[in-house]
Amino acid sequence: MALVVSLLASAIAVLSLLFATPASAQTTPAPTPSAGTGDVSSTYAVGGIIRAEDEPLVGVEVSVEGSGFSEIGTTGADGRWSVAVPGPGAYTATLQVDTLPEGVAPRDPDNVTRDVTIGTTNTVNVLFPTGEGTAASGSIWDTIFTRFFYGLNFGLLLALAAIGISLIFGTTGVNNFAHGEMLTFGAIIFYIFTAMGWNLILALLITVALSVALGYTQDAVLFKPLRRRGVGLVQVLIVTIGLSIVLRYGYLFFFGGGTQNIATGIADTVTIGPVTVTLTSIISMGVSVVMLAAVAYFLTRTRIGKATRAVSDNASLASASGINVDRVIRIVWMMAGGLTGLSGVLYGLYRGVTWDMGFAILLLLFAAVTLGGLGSAFGALVGSLIIGIITELSTIVIPPDLRYAVALIVLIGVLLFRPQGVLGRKERIG
């Protein structure tokens, strides 16, 4: 308890230091230096991130014009560009196609301009999807292998969070709709520490420890009292939805609505056949594999792990056998918090950090758990890999913006034809 209290106190202190300034000032992208274009210190800006095949593009130019103002923003190492504008008004952002790297082209060559309005918000982010030119420059098998590799990376980081959902459901029967916010918590805390200049490994360890403390606190303060009072699963489900809303909009209030990129200082890339990925992605995949192996060892080789599986199989029988069910559930919540926080860190490195990032992929997490089999940790791993690979491969034939909808189709199909999931067991009804 002393350790948990100290960790929570540290988190509150860090948050209070970071959020001492208004959220709007923190989420505004750094303005692009300009000459003779007016007030470059303005807090009004137009910006965005330009990627191809999930990799940031460097040196791509975007012009922003409007109301007599004209300026060009250039993407940096993280693919992010930003142009400070004089004030509220209507502006037009135009992608300079000739500055794209060789082999990369806009997905829609006839739509490389975006009309934006600065008014209700100080910062507007615009997107210029690219990458179609890359796919056309190689064979279809190169494209399939590339998407498969990205899907494997995505599936591994999904698995860390999905296992947490599966363990909680298996031991308590609760579908935790606030699980996405646990993922967001890890990403935001890690971003805070790295923005303060902390060592990456130290920041990662402290982030995971605080995520464990968050899982402990949720069970100790909220869900254990509800269990003792015999509150039904439907009511608990509604509580998790309410908790999700509170946490999510708390993040919005403190963190702001912009997208922040985690600065790791690692810009090296690795080429594997037709795939070129950042070294950060390779490290993330390695961390995911190591942690998943550790979870497998914990569940199959340790006494607490075996007790966890016993409680998940039959809590009443486990209690009659002398297992402290409440203690096992508490450990499961702490483990789920740590794994999900780590997943948030890896997802933040993969996509950037936003206030609603966990909620955005919550459907994917539940689809993975359902596909693998509710309550099965190993099923959650298999389901996550399938979902990650399918969503990425689907972008070969459908627009990338629709790839997460594929998870919903998979979820419906599983419920129709195999409700127990890939590794789930059939149960008698009635």
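Tyr-91 stands opposite Val-116 in strand S8. The structure is a predicted model, in which local features need pLDDT of at least 70 and side-chain atom pairs count only at pLDDT 80 or more, while totals for chains, interfaces and linings use all residues. Residues are numbered from 1 along each chain as its sequence is written, and side-chain values use heavy atoms, with hydrogens and water left out.

Strand S7 spans residues 89-95, and strand S8 covers residues 113-118. Helices (H or I, at least four residues) and strands (E, at least two) are DSSP runs, numbered from the N terminus. S7 and S8 pair in the antiparallel sense over 6 bridges. Two strands count as paired if DSSP finds at least two bridges between them. S7 is also joined to strand S4 (residues 61-66) by 4 bridges, again antiparallel. Here Ser-63 has Thr-94 of S7 as its bridge partner. S7 has two faces. Gly-89, Tyr-91, Ala-93 and Leu-95 make up the covered face. Ala-90, Thr-92 and Thr-94 lie on the uncovered one.

Helix H13 takes in residues 362-372. Of its 11 residues, 10 are buried. Buried means under 20% relative accessible area, exposed means over 50%, and partly exposed lies in between (1.4 Å probe, protein chains only). The buried residues include Leu-362, Phe-366, Thr-370 and Gly-372. Their cover includes helices H4 (140-172), H5 (179-195), H12 (357-360), H14 (377-393) and H15. Just after H13, Gly-373 takes a positive phi of about 120°.

Thr-370 sits in H13. Thr-370 counts as buried because its relative accessibility is 11%. Its side chain reaches the backbone oxygen of Phe-366 at 2.8 Å. Thr-370 also touches Leu-411, Val-414, Leu-415 and Gly-421, leaving aside residues up to four places away in sequence. Contact here means heavy atoms within 4.5 Å.

A nonpolar patch lies on the surface. Leu-363, Leu-408, Ile-412, Leu-416 and Phe-417 form this patch, with about 540 Å² of accessible area together. Patches are made of residues with over 30% relative accessible area and no salt bridge; like charges are joined within 9 Å, and nonpolar side chains (Val, Leu, Ile, Met, Phe, Trp, Tyr) within 5 Å. A salt bridge is a side-chain nitrogen of Lys or Arg within 4 Å of a carboxyl oxygen of Asp or Glu. Areas come from the Shrake-Rupley method with a 1.4 Å probe; for residues, only the protein chains shown count as cover. Helix H15 (residues 403-417) gives the largest share of the patch, 4 residues. Leu-416 belongs to H15. With a relative accessible area of 62%, Leu-416 is exposed.

Key: Polar contact = N/O pair within 3.5 Å; in protein donor to acceptor, adjacent residues only side chain to side chain.
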